[in-house]
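Dear colleague,

Please find the structure below, followed by an account of what was found in it.

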Amino acid sequence: MLESFFFTKQGDFHPQEAYPITLLSGPPSSGKTSLLFQFAVNSASQCSNVNSKVLFICSRRRLETKPPYLAQGIDPGCEIFKRIKMKYINDDDDEGIKNYFAAFHLKDTFPIAVVVDDFGDFFHERSCQERYGNPRGRDLAMVRTLALCHNAIIFANKTGPCRLLLSDTHNGDSPRSLFIYKRWIRTIFTVKGDDSGSLCLKYNKYSESGSSKGTKTAKYSIAFQYLLLEGITEVDDEQ
């Protein structure tokens with residue numbers, strides 16, 4: 001699954017092996033949007049149906065401020081980018097995401113993947129508190145939206161593969177709302193820096209009890225405006 005975030009040889013990426021809903025979390029300026037966009041490119045390129053699309057949901061302002069970097073070897077003008085459709089949502093419009101997934105089952109065809117960049121940033125603390133009249137309004141809003149996301153993706157997978165990838169930003173060791181995410185998401189990737197200046201993407205697969213079942217790590221960097229994979233380390237479940 002780590003390979004899905006990087007430009008690798010044809011056949012290295014197997015989206016059908018993944019859980020349908022995944023979270024990628026990391027600190028600011030750690031290349032999360034680049035990883036998400038590479039996932040979108042891989043999803044589109046590995047699907048044999050040329051009519052299949054990938055939907056990339058994000059804030060236009062944030063994307064234009066910090067655009068994603070591509071891996072070396074990818075032609076920015078290649079046809080595959082026509083299969084990636086952008087959907088822009090206002091910075092604090094969590095209702096826009098909720099409404100999209102609430103009507104997901106009405107679509108004639110489903111995308112092979114939906115990617116939501118900076119998912120947690122759409123949930124503005126004060127507006128959620130005012131809407132729900134509750135100091136934990138943001139948590140409530142996230143729970144309701146994640147429930148809709150989960151139901152929508154499970155429904156879509158009854159007719160064919162459809163993946164959902166969310167990203168969030170954290171400043172500590174784990175996402176602020178990890179306890180909420182783990183209710184709906186079994187596969188969580190976290191990004192951390194290392195002493196060499198590179199970044200490490202760690203794969204965590206959670207059981208229904210919330211415990212981690214096994215890990216592996218990809219080391220990467222952002223250099224010369226490219227996303228560069230330096231290597232992937234396998235870790236035994238028993239370690």
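In helix α4, E125, C128, Q129, R131 and Y132 meet G137, R138, L140, A141 and R144 of helix α5, where contact means heavy atoms within 4.5 Å. Four nonpolar, two polar and four charged residues make up this contact (Ala, Val, Leu, Ile, Met, Phe, Trp, Tyr, Cys and Pro count as nonpolar, Asp, Glu, Lys and Arg as charged, and the others, Gly among them, as polar).

This is a predicted model, in which local features need pLDDT of at least 70 and side-chain atom pairs pLDDT 80 or more, while totals for chains, interfaces and linings use all residues. Residues are numbered from 1 along each chain as its sequence is written, and side-chain values use heavy atoms, without hydrogens and water.

Helices (H or I, at least four residues) and strands (E, at least two) are DSSP runs, numbered from the N terminus.

Strand β5 (residues 163-169) has six of its seven residues buried. Two strands pair if DSSP finds at least two bridges between them. Strand β1 (residues 21-26) runs parallel to β5 and is joined to it by six bridges; L23 has L166 of β5 as its bridge partner. Strand β4 (residues 113-116) also pairs with β5 in the parallel sense, over four bridges, and A113 stands opposite R163.

Yours sincerely

Key:
Buried < 20%, exposed > 50% of the residue type's maximum accessible area, 1.4 Å probe, protein only.
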